[in-house]
Structure formats: C-alpha cells, structure tokens
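Work through the following exercises with the coordinates open, and try each task before reading its solution.

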Amino acid sequence: MSSQQQILIVEDEPKIAQILVDFLTIEGFATQVIHSGDEAEDAIRTKTPDCVILDLMLPGKDGLSICKDVRKFSQVPIIMLTARVDEIDRLMGLGFGADDYVCKPFSPREVVARIQAILRRAALTAPSSAVNTSILTFKHISLNIERFECVINEQVTELTPVEFRLLKTLMSRPGKVFSRESLMQSCYEDARIVSNRTIDSHMKNLRNKVALANDPQPILQSVYGVGYKLM
C-alpha cells in the first residue's frame, strides 16, 4: 500500500489484540489498540480510522451500544468479534450497523482478509473513485452512493451498511429478480457462508424502511423460492 491504512482494535484481551496487531502490521496496516469500550467512540471521532475491529463484550460500554452510537456520526467499516457462533445470524438480522461479524476463536488471516475485502468495497464508493455512479433513483427513493445517504419520500432515512448495499443492488436493476445468493455476493465479497434467513432478516428491515404508508403493493417484493426485486 502506498500509505498505511489505520485499523482501530477495541479488544479487552491483550493476547488477542496483540495477535491482530502482529498480523495487520505484516500486511502493512497501522494499528491502535483500546482495551475499554468507554474510550472507543472518542477514538473513532478523533483518529478517524479506516476500519474498526470491535469486540462484543467489553469493560465499560459494550460493543453493540458502541456500534449503534458510532453509526449516528460515522460509516467507518466495523467488524465485530463475538465468542458465540450462534449469535452471528441474530446480530446481523437486528441491524446494529456492523459490516461483518467474526466468531472467536478466529483465524487472524481470515480477519485480515475480511478487512481487506471491506476496504475494497469502501474504496468503490469513495468520492475519489473513478467510477462515479453518484445517485440512484427509483420512485420515491434516492440513493446517494458517495455520501452514503438514502432519501425516502423526501426524508433522510438511516440504513445499515448491509441494507445500503442491498438497496443499491436492487436499484441498479429495478424489476430484476435477484437471488439470495447474488444478494449475498453483493454484500460479502469474501465468499463466507451467510444463511438465507440472515438475508431475509435484512430484507424485512429494509422493506419496512422503504415502504410508503397505505400502499397496498410493497415496493420491495419477495419472489417465492427465488429472491427479491423492486417494483
């Protein structure tokens, strides 16, 4: 890399934090470690990292609360660490705003690969990107790619990063039915396994956000056994 990208690690277990530091340093990243959840938001505001690795269970403020509050002022990519594999689908379906989840114990190389994939996706929608698709519009929805902003019926609507990418994919081809597999690929370039019910949970949340009051025909429709489309 021509310049070092900054990774903020919020992890209260020193050994785990050091392993991440070692592997990220080898790959050319700069790192900073914070061991308490109470310090995380200030660090994100002042240090403006390129990506955050955020543990779910922390002394002080917990990871989910941090993630929700950070999304009020920043769209920095966030990868959450959890010690329970059975929580990953639940967490992703609840829309806390994280870009990815990794279960402990994890492979440090896998974490690095996921960070690299997330940063590649972020670069595609950065203002300096050579491809400037700028704004997508469909009916009462406007999606500003550069500003990561969604306007529905003239009102700014908060979307999680996953919801934003799903809506962007659907708006790129209104009327086209996208399979769950293709929607997964649009959100997760690292080819990890995500269950259909996780995508369905995201789409349920997204459907509620894009719906118009008293509209008998939902704009975001499911096609049984296939996937989803915008109509």
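**Exercise 1.** Among contacts in the protein between residues at least 6 apart in sequence, what percentage join residues at least 24 apart?

**Solution.** The model is a predicted one. Taking the contacts between residues at least 6 apart in sequence, one finds that 58% of them join residues at least 24 apart.

**Exercise 2.** Describe how helix 6 and helix 7 pack, and classify their orientation.

**Solution.** Begin with the geometry: helix 6 (residues 161-172) packs against helix 7 (residues 180-187) at an angle of about 125°, and their axes are 9 Å apart. Angles of 65 to 115 degrees count as roughly perpendicular and those over 145 as roughly antiparallel; helix 6 and helix 7 are therefore oblique to each other. Next comes the handedness, for helix 6 passes helix 7 in a right-handed crossing. Finally, list the contact: helix 6 contributes Val162, Arg165, Leu166, Thr169 and Leu170, while helix 7 contributes Leu183, Ser186 and Cys187. Sorted by class, the contact of helix 6 with helix 7 comprises five nonpolar, two polar and one charged residues.

**Exercise 3.** Which residues of helix 2 and helix 3 meet?

**Solution.** First locate the pair: helix 2 (residues 40-47) and helix 3 (residues 63-70) pack at an angle of about 35°, with axes 10 Å apart, and helix 2 passes helix 3 in a right-handed crossing. Then identify the partners, which are Ala40, Glu41 and Ile44 in helix 2 and Ile66, Asp69 and Val70 in helix 3.

How values were computed
Residues numbered from 1 in each chain as written. Predicted model: local features only at pLDDT ≥ 70, side-chain atom pairs only at ≥ 80, totals over all residues. Heavy atoms only, no water. Axes fitted to C-alpha atoms, helices over the stretch in contact; angles between N-to-C directions. Helix = DSSP H or I, 4+ residues; strand = E, 2+ residues; numbered from the N terminus. Parallel < 35°, antiparallel > 145°, perpendicular 65-115°, else oblique. Left-handed = near helix turned anticlockwise from the far one by under 90°. Contact = heavy atoms within 4.5 Å. Nonpolar A, V, L, I, M, F, W, Y, C, P; charged D, E, K, R; others polar.
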